[in-house]
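Visitor: Please put the structure up, and then we can go through its helix packing, its interface and its backbone geometry.

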Amino acid sequence: MAIPSSISDPFASKFLPSSISDPFASSYQPSRISVPVKIEQTQLTTLRRSHCSTLKASMGSPGFTQQLNNNKLETLADVKDDRDDIFNDLKDRFLSFKKNVYMANPEQFENLAKVQVPKFMVIACADSRVCPSSILGFQPGEAFTIRNIANLVPTFESGPSEVNAALEFSVNTLQVENILVIGHSCCGGIRALMGMEDDGNTSFIKSWVTNAKNARVKTKAAASNLDFDGQCSHCEKVSINHSLVNLLTYPWIKEKVEKEELSIHGGYYDFVNCSFEKWTLDYRGTKLEENGRFAIKNKVFWY
Amino acid sequence: MAIQSSQLAIEQLKNLLREKEELNEVVTTKIEELIVELQGCHPHPIDPAQQIIDGFTYFKFNNFDKNPELYERLAKGQSPKFMVFACSDSRVSPSVILNFQPGEAFVVRNIANIVPAFNQLRYSGVGATIEYAITALKVKNILVIGHSRCGGISRLMSHPEDGSIPFDFIDDWVKIGLPAKTNVMKEYEGYDFKEQCNFCELESVNNSLVNLHTYPYVDREIRNKNLALLGGYYDFVNGEFKLWKYMSVVTKPITIPLKTNEGFKL
(Lines give C-alpha, C1' and ligand atoms only; values in the text may rest on other atoms or scores of the structure.)
Protein backbone atom coordinates (compact mmCIF):
# COMPACT_ATOMS: atom_id res chain seq x y z
CA MET A 1 0.00 0.00 0.00
CA ALA A 2 1.60 3.25 -1.10
CA ILE A 3 2.39 5.74 1.61
CA PRO A 4 0.95 9.06 0.47
CA SER A 5 3.51 11.59 -0.68
CA SER A 6 3.55 15.09 0.75
CA ILE A 7 0.13 16.26 1.77
CA SER A 8 -0.87 19.84 1.36
CA ASP A 9 -3.11 21.32 3.96
CA PRO A 10 -5.97 23.20 2.33
CA PHE A 11 -7.84 23.34 5.59
CA ALA A 12 -5.24 24.50 8.06
CA SER A 13 -7.26 24.49 11.20
CA LYS A 14 -7.21 27.82 12.95
CA PHE A 15 -9.63 26.60 15.49
CA LEU A 16 -8.04 25.59 18.73
CA PRO A 17 -10.28 24.81 21.61
CA SER A 18 -9.72 27.24 24.44
CA SER A 19 -7.86 26.07 27.48
CA ILE A 20 -8.89 22.60 28.28
CA SER A 21 -10.18 22.82 31.79
CA ASP A 22 -10.15 25.05 34.77
CA PRO A 23 -11.52 24.12 38.12
CA PHE A 24 -14.90 25.64 38.15
CA ALA A 25 -17.62 26.26 40.61
CA SER A 26 -20.65 24.30 39.65
CA SER A 27 -23.87 26.01 40.50
CA TYR A 28 -25.85 22.88 39.84
CA GLN A 29 -26.86 21.37 43.15
CA PRO A 30 -28.19 17.87 42.78
CA SER A 31 -30.14 16.40 45.64
CA ARG A 32 -27.74 14.39 47.74
CA ILE A 33 -28.54 10.88 48.77
CA SER A 34 -25.95 9.53 51.11
CA VAL A 35 -24.83 6.01 50.51
CA PRO A 36 -23.89 3.53 53.21
CA VAL A 37 -20.15 3.16 53.22
CA LYS A 38 -19.76 -0.50 52.50
CA ILE A 39 -17.37 -1.89 49.96
CA GLU A 40 -18.16 -5.37 48.83
CA GLN A 41 -15.57 -6.33 46.34
CA THR A 42 -17.17 -9.31 44.68
CA GLN A 43 -15.53 -8.58 41.40
CA LEU A 44 -12.04 -9.40 40.26
CA THR A 45 -9.40 -6.94 41.29
CA THR A 46 -7.10 -5.46 38.73
CA LEU A 47 -3.72 -4.14 39.58
CA ARG A 48 -3.65 -0.40 40.05
CA ARG A 49 -0.20 0.83 39.25
CA SER A 50 0.84 3.80 41.33
CA HIS A 51 1.94 6.65 39.14
CA CYS A 52 5.25 7.06 40.88
CA SER A 53 6.53 3.51 41.04
CA THR A 54 7.54 1.13 38.33
CA LEU A 55 6.49 -2.45 38.38
CA LYS A 56 9.10 -4.84 37.09
CA ALA A 57 7.51 -7.95 35.71
CA SER A 58 9.20 -10.92 37.25
CA MET A 59 8.24 -13.46 34.69
CA GLY A 60 10.24 -13.89 31.56
CA SER A 61 8.58 -13.21 28.28
CA PRO A 62 7.59 -16.52 26.78
CA GLY A 63 4.36 -15.04 25.57
CA PHE A 64 5.55 -11.64 24.51
CA THR A 65 6.70 -11.32 20.96
CA GLN A 66 8.07 -8.08 19.70
CA GLN A 67 8.57 -8.01 15.98
CA LEU A 68 8.28 -5.57 13.19
CA ASN A 69 6.14 -7.79 11.14
CA ASN A 70 4.91 -6.13 8.02
CA ASN A 71 7.22 -6.06 5.05
CA LYS A 72 5.42 -3.03 3.66
CA LEU A 73 6.77 -0.80 6.41
CA GLU A 74 10.38 0.31 6.44
CA THR A 75 12.59 -0.37 9.38
CA LEU A 76 15.85 1.40 10.12
CA ALA A 77 17.59 -0.58 12.79
CA ASP A 78 20.61 1.69 12.95
CA VAL A 79 18.70 4.89 13.65
CA LYS A 80 19.08 6.04 17.24
CA ASP A 81 15.72 5.39 18.75
CA ASP A 82 14.37 7.10 21.80
CA ARG A 83 11.10 5.27 21.42
CA ASP A 84 12.63 2.12 22.90
CA ASP A 85 11.66 3.35 26.34
CA ILE A 86 8.07 3.52 25.12
CA PHE A 87 8.33 -0.08 23.99
CA ASN A 88 9.67 -1.08 27.39
CA ASP A 89 6.94 0.88 29.12
CA LEU A 90 4.20 -0.85 27.13
CA LYS A 91 5.86 -4.22 27.63
CA ASP A 92 5.91 -3.73 31.41
CA ARG A 93 2.30 -2.69 31.37
CA PHE A 94 1.15 -5.74 29.45
CA LEU A 95 3.22 -8.14 31.51
CA SER A 96 1.79 -6.83 34.75
CA PHE A 97 -1.72 -7.31 33.36
CA LYS A 98 -0.81 -10.80 32.21
CA LYS A 99 0.65 -11.81 35.54
CA ASN A 100 -1.89 -10.23 37.87
CA VAL A 101 -5.10 -10.57 35.94
CA TYR A 102 -4.87 -12.93 32.98
CA MET A 103 -2.91 -15.74 34.63
CA ALA A 104 -4.84 -15.30 37.87
CA ASN A 105 -8.15 -16.07 36.18
CA PRO A 106 -7.44 -18.68 33.51
CA GLU A 107 -10.94 -20.12 33.37
CA GLN A 108 -12.59 -16.76 32.97
CA PHE A 109 -10.26 -15.76 30.15
CA GLU A 110 -10.63 -19.11 28.46
CA ASN A 111 -14.39 -18.56 28.38
CA LEU A 112 -14.00 -14.98 27.20
CA ALA A 113 -11.75 -16.12 24.38
CA LYS A 114 -14.70 -18.01 22.96
CA VAL A 115 -17.46 -15.47 23.26
CA GLN A 116 -18.35 -12.15 24.87
CA VAL A 117 -21.68 -11.62 26.59
CA PRO A 118 -21.57 -8.06 27.89
CA LYS A 119 -24.62 -6.73 29.71
CA PHE A 120 -23.69 -3.10 29.07
CA MET A 121 -23.00 -0.91 26.17
CA VAL A 122 -21.13 2.16 27.37
CA ILE A 123 -20.68 5.40 25.47
CA ALA A 124 -18.01 7.52 27.15
CA CYS A 125 -15.72 10.40 26.35
CA ALA A 126 -12.22 9.76 24.99
CA ASP A 127 -10.84 11.96 27.80
CA SER A 128 -7.90 10.21 29.49
CA ARG A 129 -9.39 10.80 32.92
CA VAL A 130 -12.69 9.00 32.39
CA CYS A 131 -12.11 5.41 31.38
CA PRO A 132 -15.23 3.44 32.33
CA SER A 133 -13.16 0.38 33.29
CA SER A 134 -11.23 2.46 35.82
CA ILE A 135 -13.97 4.55 37.36
CA LEU A 136 -16.81 2.04 37.26
CA GLY A 137 -14.79 -1.15 37.55
CA PHE A 138 -15.96 -2.88 34.39
CA GLN A 139 -14.05 -6.12 34.03
CA PRO A 140 -13.13 -7.80 30.73
CA GLY A 141 -16.31 -9.07 29.12
CA GLU A 142 -18.74 -6.75 30.88
CA ALA A 143 -19.05 -3.61 28.79
CA PHE A 144 -18.96 -3.06 25.06
CA THR A 145 -17.50 0.44 24.89
CA ILE A 146 -17.52 3.34 22.45
CA ARG A 147 -15.39 6.36 23.22
CA ASN A 148 -15.53 9.57 21.25
CA ILE A 149 -15.28 13.29 21.86
CA ALA A 150 -17.92 14.40 24.37
CA ASN A 151 -19.67 11.00 24.43
CA LEU A 152 -22.11 12.02 21.70
CA VAL A 153 -24.72 9.89 19.96
CA PRO A 154 -25.77 11.24 16.56
CA THR A 155 -29.34 10.70 15.35
CA PHE A 156 -30.42 7.84 13.13
CA GLU A 157 -31.06 10.32 10.35
CA SER A 158 -27.53 11.66 10.34
CA GLY A 159 -26.36 8.58 8.43
CA PRO A 160 -23.78 5.86 8.98
CA SER A 161 -21.02 6.54 11.45
CA GLU A 162 -18.86 4.61 13.85
CA VAL A 163 -21.28 5.24 16.72
CA ASN A 164 -24.31 3.73 15.04
CA ALA A 165 -22.28 0.82 13.67
CA ALA A 166 -21.40 -0.01 17.27
CA LEU A 167 -25.01 0.50 18.38
CA GLU A 168 -26.21 -1.84 15.65
CA PHE A 169 -23.75 -4.52 16.70
CA SER A 170 -24.26 -4.26 20.44
CA VAL A 171 -28.06 -4.02 20.40
CA ASN A 172 -28.91 -6.40 17.56
CA THR A 173 -26.09 -8.93 17.67
CA LEU A 174 -24.75 -8.91 21.23
CA GLN A 175 -28.19 -8.03 22.59
CA VAL A 176 -26.96 -5.94 25.50
CA GLU A 177 -29.56 -5.09 28.13
CA ASN A 178 -28.33 -1.66 29.12
CA ILE A 179 -26.95 1.35 27.32
CA LEU A 180 -25.11 3.83 29.55
CA VAL A 181 -24.00 7.24 28.28
CA ILE A 182 -21.39 8.74 30.62
CA GLY A 183 -20.54 12.43 30.57
CA HIS A 184 -18.03 14.19 32.78
CA SER A 185 -16.83 17.45 34.24
CA CYS A 186 -14.42 19.76 32.42
CA CYS A 187 -15.23 18.22 29.06
CA GLY A 188 -13.15 19.83 26.32
CA GLY A 189 -15.62 18.81 23.63
CA ILE A 190 -18.57 20.46 25.40
CA ARG A 191 -16.44 23.52 26.03
CA ALA A 192 -15.69 23.66 22.31
CA LEU A 193 -19.42 23.33 21.58
CA MET A 194 -20.34 26.19 23.89
CA GLY A 195 -17.55 28.42 22.68
CA MET A 196 -18.06 27.80 18.97
CA GLU A 197 -18.25 30.89 16.80
CA ASP A 198 -19.97 31.02 13.47
CA ASP A 199 -16.92 32.49 11.82
CA GLY A 200 -16.68 30.36 8.72
CA ASN A 201 -13.68 28.38 10.01
CA THR A 202 -14.23 24.69 9.85
CA SER A 203 -12.61 21.90 11.75
CA PHE A 204 -13.43 18.32 12.57
CA ILE A 205 -14.09 19.23 16.17
CA LYS A 206 -16.66 21.80 15.15
CA SER A 207 -18.34 19.40 12.70
CA TRP A 208 -18.49 16.69 15.31
CA VAL A 209 -19.77 18.64 18.31
CA THR A 210 -22.43 20.19 16.09
CA ASN A 211 -24.23 16.89 16.63
CA ALA A 212 -25.11 18.30 20.03
CA LYS A 213 -26.09 21.80 18.96
CA ASN A 214 -29.59 21.35 20.40
CA ALA A 215 -27.99 20.82 23.79
CA ARG A 216 -26.19 24.16 23.39
CA VAL A 217 -29.42 25.92 22.46
CA LYS A 218 -31.22 24.47 25.49
CA THR A 219 -28.34 25.39 27.78
CA LYS A 220 -28.15 28.98 26.59
CA ALA A 221 -31.89 29.24 27.15
CA ALA A 222 -31.94 27.66 30.61
CA ALA A 223 -28.65 28.83 32.05
CA SER A 224 -27.99 32.25 30.58
CA ASN A 225 -27.49 33.69 34.08
CA LEU A 226 -24.44 31.48 34.71
CA ASP A 227 -20.89 32.32 33.70
CA PHE A 228 -19.23 30.42 30.86
CA ASP A 229 -17.85 27.67 33.09
CA GLY A 230 -21.24 27.23 34.72
CA GLN A 231 -22.91 27.00 31.35
CA CYS A 232 -20.42 24.35 30.25
CA SER A 233 -21.18 22.26 33.33
CA HIS A 234 -24.87 22.59 32.66
CA CYS A 235 -24.40 21.66 29.03
CA GLU A 236 -22.43 18.55 29.94
CA LYS A 237 -25.55 17.17 31.56
CA VAL A 238 -28.00 18.45 28.97
CA SER A 239 -25.90 16.82 26.29
CA ILE A 240 -26.10 13.44 28.00
CA ASN A 241 -29.89 13.63 27.97
CA HIS A 242 -29.79 14.80 24.40
CA SER A 243 -27.79 11.69 23.50
CA LEU A 244 -30.31 9.49 25.33
CA VAL A 245 -33.11 10.98 23.27
CA ASN A 246 -31.09 10.49 20.10
CA LEU A 247 -30.80 6.81 20.98
CA LEU A 248 -34.58 6.55 20.67
CA THR A 249 -34.42 7.76 17.05
CA TYR A 250 -33.07 4.30 16.17
CA PRO A 251 -36.13 2.13 15.43
CA TRP A 252 -34.58 -1.08 16.70
CA ILE A 253 -33.52 0.57 19.94
CA LYS A 254 -36.92 2.15 20.47
CA GLU A 255 -38.58 -1.21 19.88
CA LYS A 256 -36.48 -2.95 22.50
CA VAL A 257 -36.99 -0.17 25.03
CA GLU A 258 -40.75 -0.40 24.50
CA LYS A 259 -40.62 -4.13 25.12
CA GLU A 260 -38.48 -3.47 28.21
CA GLU A 261 -35.66 -5.64 26.84
CA LEU A 262 -33.31 -2.68 26.89
CA SER A 263 -32.80 0.12 29.44
CA ILE A 264 -31.14 3.43 28.70
CA HIS A 265 -29.18 5.22 31.41
CA GLY A 266 -27.28 8.46 31.74
CA GLY A 267 -24.31 8.97 34.04
CA TYR A 268 -22.22 12.00 35.03
CA TYR A 269 -18.74 11.68 36.54
CA ASP A 270 -17.43 14.73 38.32
CA PHE A 271 -13.71 14.25 38.85
CA VAL A 272 -13.21 17.52 40.66
CA ASN A 273 -15.32 16.36 43.58
CA CYS A 274 -15.27 12.64 42.83
CA SER A 275 -18.96 12.03 42.57
CA PHE A 276 -21.12 10.02 40.22
CA GLU A 277 -24.74 10.59 39.26
CA LYS A 278 -26.82 8.03 37.46
CA TRP A 279 -30.34 8.11 36.09
CA THR A 280 -32.52 5.94 33.88
CA LEU A 281 -34.72 7.02 31.02
CA ASP A 282 -38.36 6.48 31.94
CA TYR A 283 -39.78 5.49 28.60
CA ARG A 284 -43.39 5.22 29.80
CA GLY A 285 -43.28 8.70 31.24
CA THR A 286 -41.57 10.22 28.23
CA LYS A 287 -43.82 12.02 25.82
CA LEU A 288 -41.47 13.40 23.25
CA GLU A 289 -44.05 14.01 20.55
CA GLU A 290 -46.39 15.82 22.89
CA ASN A 291 -44.20 18.30 24.64
CA GLY A 292 -40.59 17.47 23.80
CA ARG A 293 -39.92 16.43 27.37
CA PHE A 294 -38.64 13.16 28.61
CA ALA A 295 -38.87 11.65 32.02
CA ILE A 296 -36.19 10.05 34.15
CA LYS A 297 -36.38 7.70 37.06
CA ASN A 298 -34.12 5.96 39.58
CA LYS A 299 -31.84 8.94 39.93
CA VAL A 300 -29.00 8.42 42.37
CA PHE A 301 -26.01 10.44 43.40
CA TRP A 302 -22.91 8.93 45.00
CA TYR A 303 -20.11 10.91 46.48
CA MET B 1 -40.07 -38.94 33.72
CA ALA B 2 -41.07 -36.90 30.70
CA ILE B 3 -38.41 -36.36 28.07
CA GLN B 4 -37.17 -32.78 28.18
CA SER B 5 -37.46 -30.75 25.00
CA SER B 6 -33.72 -30.07 25.17
CA GLN B 7 -33.03 -33.81 24.98
CA LEU B 8 -35.16 -34.05 21.84
CA ALA B 9 -33.29 -31.13 20.34
CA ILE B 10 -29.95 -32.78 21.16
CA GLU B 11 -31.10 -35.98 19.44
CA GLN B 12 -32.00 -33.96 16.36
CA LEU B 13 -28.54 -32.42 16.40
CA LYS B 14 -26.89 -35.83 16.69
CA ASN B 15 -28.85 -37.11 13.70
CA LEU B 16 -27.85 -34.08 11.68
CA LEU B 17 -24.20 -34.67 12.51
CA ARG B 18 -24.45 -38.29 11.46
CA GLU B 19 -25.82 -37.21 8.10
CA LYS B 20 -23.47 -34.31 7.53
CA GLU B 21 -20.10 -35.03 9.10
CA GLU B 22 -18.56 -31.88 7.63
CA LEU B 23 -20.59 -29.80 10.09
CA ASN B 24 -18.68 -31.25 13.03
CA GLU B 25 -16.28 -28.33 13.54
CA VAL B 26 -18.93 -25.63 13.20
CA VAL B 27 -21.22 -27.46 15.63
CA THR B 28 -18.43 -27.87 18.20
CA THR B 29 -17.72 -24.13 18.18
CA LYS B 30 -21.37 -23.22 18.51
CA ILE B 31 -21.97 -25.65 21.36
CA GLU B 32 -18.95 -24.32 23.26
CA GLU B 33 -20.21 -20.76 22.81
CA LEU B 34 -23.67 -21.76 24.01
CA ILE B 35 -22.30 -23.42 27.14
CA VAL B 36 -20.26 -20.33 28.03
CA GLU B 37 -23.25 -18.10 27.44
CA LEU B 38 -25.51 -20.23 29.59
CA GLN B 39 -22.93 -20.38 32.37
CA GLY B 40 -22.87 -16.60 32.30
CA CYS B 41 -26.62 -16.42 32.83
CA HIS B 42 -27.36 -15.71 36.43
CA PRO B 43 -30.45 -17.08 38.12
CA HIS B 44 -31.00 -13.60 39.56
CA PRO B 45 -30.31 -10.88 37.01
CA ILE B 46 -27.54 -8.51 38.07
CA ASP B 47 -28.90 -5.14 39.01
CA PRO B 48 -26.99 -2.74 36.75
CA ALA B 49 -27.24 0.09 39.25
CA GLN B 50 -25.68 -2.04 41.97
CA GLN B 51 -22.87 -3.15 39.71
CA ILE B 52 -22.01 0.43 38.85
CA ILE B 53 -22.20 1.63 42.44
CA ASP B 54 -19.89 -1.18 43.59
CA GLY B 55 -17.42 -0.32 40.87
CA PHE B 56 -17.48 3.40 41.56
CA THR B 57 -17.20 2.97 45.32
CA TYR B 58 -14.17 0.71 44.87
CA PHE B 59 -12.55 3.27 42.57
CA LYS B 60 -13.25 6.14 44.94
CA PHE B 61 -11.88 4.50 48.06
CA ASN B 62 -8.99 2.59 46.56
CA ASN B 63 -7.80 4.93 43.88
CA PHE B 64 -9.20 8.47 43.99
CA ASP B 65 -8.98 9.06 47.73
CA LYS B 66 -5.51 7.48 47.89
CA ASN B 67 -3.99 9.76 45.26
CA PRO B 68 -5.20 13.28 46.05
CA GLU B 69 -2.27 15.05 44.39
CA LEU B 70 -2.73 13.19 41.15
CA TYR B 71 -6.46 13.85 40.95
CA GLU B 72 -6.05 17.48 41.94
CA ARG B 73 -3.64 17.86 39.04
CA LEU B 74 -5.96 15.97 36.67
CA ALA B 75 -8.91 18.14 37.64
CA LYS B 76 -7.02 21.10 36.24
CA GLY B 77 -6.11 19.47 32.93
CA GLN B 78 -4.99 16.34 31.16
CA SER B 79 -1.69 15.74 29.38
CA PRO B 80 -1.70 12.14 28.24
CA LYS B 81 1.37 10.84 26.41
CA PHE B 82 -0.66 8.29 24.48
CA MET B 83 -3.59 8.34 22.16
CA VAL B 84 -5.00 4.85 21.77
CA PHE B 85 -7.37 3.43 19.21
CA ALA B 86 -8.90 0.19 20.45
CA CYS B 87 -11.85 -1.99 19.56
CA SER B 88 -15.17 -1.59 21.37
CA ASP B 89 -15.03 -5.30 22.22
CA SER B 90 -15.75 -5.74 25.94
CA ARG B 91 -12.64 -7.88 26.37
CA VAL B 92 -10.05 -5.37 25.19
CA SER B 93 -10.17 -2.25 27.33
CA PRO B 94 -6.73 -0.62 27.02
CA SER B 95 -6.85 0.54 30.64
CA VAL B 96 -7.11 -3.06 31.73
CA ILE B 97 -4.70 -4.80 29.38
CA LEU B 98 -2.09 -2.07 29.36
CA ASN B 99 -2.77 -0.75 32.84
CA PHE B 100 -3.35 2.86 31.83
CA GLN B 101 -4.18 4.99 34.84
CA PRO B 102 -6.44 8.04 34.65
CA GLY B 103 -4.62 10.76 32.79
CA GLU B 104 -2.29 8.54 30.80
CA ALA B 105 -4.13 7.70 27.60
CA PHE B 106 -6.68 9.49 25.43
CA VAL B 107 -8.71 6.52 24.23
CA VAL B 108 -10.95 6.20 21.20
CA ARG B 109 -12.90 2.98 20.82
CA ASN B 110 -14.90 1.87 17.81
CA ILE B 111 -15.72 -1.33 15.98
CA ALA B 112 -12.54 -3.06 14.82
CA ASN B 113 -10.31 -0.13 15.89
CA ILE B 114 -10.51 1.39 12.42
CA VAL B 115 -9.09 4.77 11.49
CA PRO B 116 -10.48 6.11 8.21
CA ALA B 117 -8.29 8.20 5.93
CA PHE B 118 -8.51 11.98 6.11
CA ASN B 119 -11.83 12.98 4.60
CA GLN B 120 -13.23 16.43 5.12
CA LEU B 121 -16.77 15.38 4.34
CA ARG B 122 -17.15 12.31 6.53
CA TYR B 123 -15.98 10.68 9.70
CA SER B 124 -15.81 13.89 11.65
CA GLY B 125 -16.04 11.78 14.81
CA VAL B 126 -12.65 10.17 14.31
CA GLY B 127 -11.24 13.32 12.75
CA ALA B 128 -12.24 15.33 15.81
CA THR B 129 -10.45 12.96 18.16
CA ILE B 130 -7.22 13.08 16.15
CA GLU B 131 -7.45 16.83 15.76
CA TYR B 132 -7.99 17.31 19.47
CA ALA B 133 -5.32 14.83 20.54
CA ILE B 134 -2.64 16.42 18.36
CA THR B 135 -3.45 20.11 18.38
CA ALA B 136 -4.79 20.51 21.92
CA LEU B 137 -3.32 17.65 23.94
CA LYS B 138 -0.08 17.29 21.96
CA VAL B 139 0.17 13.53 22.49
CA LYS B 140 3.51 11.97 21.67
CA ASN B 141 2.38 8.50 20.63
CA ILE B 142 -0.59 7.09 18.81
CA LEU B 143 -1.14 3.38 19.35
CA VAL B 144 -3.65 1.37 17.32
CA ILE B 145 -4.48 -1.95 18.99
CA GLY B 146 -6.10 -4.83 17.14
CA HIS B 147 -7.17 -8.08 18.78
CA SER B 148 -7.99 -11.72 18.22
CA ARG B 149 -11.49 -12.96 17.39
CA CYS B 150 -12.57 -9.50 16.24
CA GLY B 151 -16.22 -9.55 15.16
CA GLY B 152 -15.81 -6.49 12.98
CA ILE B 153 -12.91 -7.98 11.02
CA SER B 154 -14.76 -11.27 10.74
CA ARG B 155 -17.70 -9.39 9.20
CA LEU B 156 -15.36 -7.56 6.81
CA MET B 157 -13.87 -10.86 5.68
CA SER B 158 -17.13 -12.75 5.30
CA HIS B 159 -19.45 -10.16 3.74
CA PRO B 160 -20.71 -9.93 1.02
CA GLU B 161 -19.29 -13.23 -0.17
CA ASP B 162 -21.40 -15.20 2.29
CA GLY B 163 -24.56 -13.73 0.79
CA SER B 164 -25.85 -12.39 4.10
CA ILE B 165 -28.22 -9.46 4.39
CA PRO B 166 -26.25 -6.23 4.74
CA PHE B 167 -26.31 -4.31 7.99
CA ASP B 168 -27.28 -0.65 7.69
CA PHE B 169 -24.32 0.73 9.54
CA ILE B 170 -21.83 -1.99 10.41
CA ASP B 171 -20.96 -2.85 6.81
CA ASP B 172 -20.56 0.80 5.87
CA TRP B 173 -18.06 1.21 8.69
CA VAL B 174 -15.97 -1.95 8.36
CA LYS B 175 -15.56 -1.50 4.62
CA ILE B 176 -12.93 1.12 5.47
CA GLY B 177 -10.75 -1.93 6.12
CA LEU B 178 -11.15 -3.28 2.56
CA PRO B 179 -7.51 -2.59 1.58
CA ALA B 180 -6.46 -4.91 4.40
CA LYS B 181 -8.89 -7.60 3.24
CA THR B 182 -7.64 -7.37 -0.34
CA ASN B 183 -4.03 -7.78 0.78
CA VAL B 184 -4.83 -10.77 2.95
CA MET B 185 -6.92 -12.55 0.31
CA LYS B 186 -4.06 -12.15 -2.13
CA GLU B 187 -1.18 -13.04 0.13
CA TYR B 188 -2.87 -15.77 2.12
CA GLU B 189 -5.09 -17.35 -0.45
CA GLY B 190 -5.90 -20.92 0.45
CA TYR B 191 -5.51 -20.49 4.21
CA ASP B 192 -8.60 -21.32 6.21
CA PHE B 193 -11.04 -18.58 7.12
CA LYS B 194 -10.05 -18.21 10.77
CA GLU B 195 -6.38 -17.85 9.88
CA GLN B 196 -7.21 -15.29 7.22
CA CYS B 197 -9.17 -13.33 9.82
CA ASN B 198 -6.12 -13.36 12.10
CA PHE B 199 -3.94 -11.98 9.34
CA CYS B 200 -6.56 -9.38 8.54
CA GLU B 201 -6.73 -8.27 12.19
CA LEU B 202 -3.01 -7.47 11.94
CA GLU B 203 -3.18 -6.01 8.46
CA SER B 204 -6.07 -3.77 9.41
CA VAL B 205 -3.96 -2.17 12.14
CA ASN B 206 -1.38 -1.32 9.49
CA ASN B 207 -4.12 0.03 7.24
CA SER B 208 -5.25 2.29 10.08
CA LEU B 209 -1.68 3.47 10.73
CA VAL B 210 -1.25 4.42 7.09
CA ASN B 211 -4.61 6.20 7.17
CA LEU B 212 -3.51 8.11 10.26
CA HIS B 213 -0.59 9.48 8.32
CA THR B 214 -2.98 11.10 5.82
CA TYR B 215 -4.08 13.64 8.45
CA PRO B 216 -2.13 16.86 7.87
CA TYR B 217 -1.36 17.51 11.54
CA VAL B 218 -0.23 13.89 12.02
CA ASP B 219 2.09 14.22 9.06
CA ARG B 220 3.47 17.50 10.37
CA GLU B 221 4.22 16.12 13.81
CA ILE B 222 5.84 13.00 12.36
CA ARG B 223 8.11 15.15 10.22
CA ASN B 224 9.01 17.22 13.25
CA LYS B 225 9.74 14.02 15.15
CA ASN B 226 7.20 14.85 17.81
CA LEU B 227 4.96 11.90 17.19
CA ALA B 228 5.36 8.13 16.88
CA LEU B 229 2.80 5.77 15.40
CA LEU B 230 2.68 2.32 16.95
CA GLY B 231 0.74 -0.82 16.12
CA GLY B 232 -0.37 -3.37 18.68
CA TYR B 233 -2.16 -6.71 18.68
CA TYR B 234 -3.72 -8.31 21.75
CA ASP B 235 -4.18 -12.04 21.39
CA PHE B 236 -6.37 -13.08 24.28
CA VAL B 237 -6.52 -16.67 23.16
CA ASN B 238 -2.81 -17.15 23.82
CA GLY B 239 -2.24 -14.27 26.23
CA GLU B 240 0.20 -12.45 23.98
CA PHE B 241 0.76 -8.88 22.89
CA LYS B 242 2.54 -7.83 19.72
CA LEU B 243 3.94 -4.32 19.40
CA TRP B 244 5.54 -2.63 16.41
CA LYS B 245 6.40 0.77 14.99
CA TYR B 246 5.23 2.53 11.88
CA MET B 247 8.03 4.41 10.21
CA SER B 248 8.02 6.35 7.01
CA VAL B 249 11.15 7.51 5.30
CA VAL B 250 11.70 10.01 2.53
CA THR B 251 15.20 9.57 1.11
CA LYS B 252 17.28 12.43 -0.24
CA PRO B 253 16.66 12.89 -3.96
CA ILE B 254 19.29 11.93 -6.45
CA THR B 255 19.81 14.27 -9.35
CA ILE B 256 19.48 12.69 -12.78
CA PRO B 257 21.39 14.95 -15.23
CA LEU B 258 19.57 16.02 -18.40
CA LYS B 259 22.54 15.17 -20.54
CA THR B 260 26.13 14.16 -20.03
CA ASN B 261 29.20 15.51 -21.91
CA GLU B 262 28.88 12.75 -24.49
CA GLY B 263 25.31 13.65 -25.32
CA PHE B 264 22.24 11.68 -24.34
CA LYS B 265 22.78 8.18 -23.14
CA LEU B 266 20.03 5.75 -23.88
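Guide: Axes here are lines fitted to C-alpha atoms, for helices over the stretch in contact, and angles run from 0 to 180 degrees between N-to-C directions. The model is predicted.

Visitor: At what angle do the axes of helix α5 and helix α8 of chain A cross?
Guide: Helix α5 of chain A spans residues 188-195, and helix α8 of chain A spans residues 228-247. Their axes come within 9 Å and cross at roughly 115°. That makes α5(A) roughly perpendicular to α8(A). The crossing is right-handed, and the angle asked for is roughly 115°.

Visitor: How do the residues of the contact of α5(A) with α8(A) divide by class?
Guide: From α5(A) come Ile190(A), Arg191(A), Leu193(A), Met194(A) and Gly195(A). From α8(A) come Phe228(A), Asp229(A), Gln231(A), Cys232(A), Cys235(A), Glu236(A) and Ser239(A). The division is six nonpolar, three polar and three charged.

Visitor: Are α7(B) and α10(B) roughly parallel or roughly perpendicular to each other?
Guide: Helix α7 (residues 151-158) of chain B packs against helix α10 (residues 193-213) of chain B with the axes 9 Å apart, at an angle of about 115°. α7(B) passes α10(B) in a right-handed crossing. The angle therefore makes the two helices roughly perpendicular.

Visitor: How many charged residues are in the contact of α7(B) with α10(B)?
Guide: Ile153(B), Ser154(B), Leu156(B), Met157(B) and Ser158(B) of α7(B) take part. They meet Phe193(B), Gln196(B), Cys197(B), Cys200(B), Glu201(B) and Ser204(B) of α10(B). By class this contact has six nonpolar and four polar residues, and the charged count is one.

Visitor: Is the crossing of α4(A) and α9(A) left-handed or right-handed?
Guide: Helix α4 (residues 162-173) and helix α9 (residues 251-258) of chain A pack with their axes 10 Å apart, at an angle of about 35°. In α4(A), Asn164(A), Leu167(A), Glu168(A), Val171(A) and Asn172(A) meet Trp252(A), Ile253(A) and Lys256(A) of α9(A). This contact has four nonpolar, two polar and two charged residues. The crossing is left-handed.

Visitor: What is the area buried between chain B and chain A?
Guide: The contact takes 112 residues from chain B and 117 residues from chain A. Carbon and sulfur atoms give 64% of the buried area. The total is about 10,500 Å².

Visitor: Which residue of chain B forms a salt bridge with Arg93(A)?
Guide: The whole structure has 17 salt bridges over all chains, and the count between chain B and chain A is one. In the bridge made by Arg93(A) to chain B, the closest N and O atoms are 3.0 Å apart. The partner is Glu104(B).

Visitor: Which residue is joined to Pro160(B) by a cis peptide bond?
Guide: Most peptide bonds are trans. Pro160(B) sits in the loop between α7 and α8 (170-174) of chain B. Omega for its cis bond is about 0°, and the residue joined to Pro160(B) is His159(B).

Visitor: What is the phi of Gln175(A)?
Guide: Most residues other than glycine have a negative phi. Gln175(A) lies in the loop between α4 and β4 (178-184) of chain A. Although Gln175(A) is not a glycine, its phi is positive, at about 55°.

Technical notes
Residues numbered from 1 in each chain as written. Chains lettered and ligands numbered in written order. Predicted model: local features only at pLDDT ≥ 70, side-chain atom pairs only at ≥ 80, totals over all residues. Heavy atoms only, no water. Helix = DSSP H or I, 4+ residues; strand = E, 2+ residues; numbered from the N terminus. Parallel < 35°, antiparallel > 145°, perpendicular 65-115°, else oblique. Left-handed = near helix turned anticlockwise from the far one by under 90°. Contact = heavy atoms within 4.5 Å. Nonpolar A, V, L, I, M, F, W, Y, C, P; charged D, E, K, R; others polar. Buried area = accessible area lost by both parts, 1.4 Å probe. Salt bridge = Lys/Arg side-chain N within 4 Å of Asp/Glu carboxyl O.
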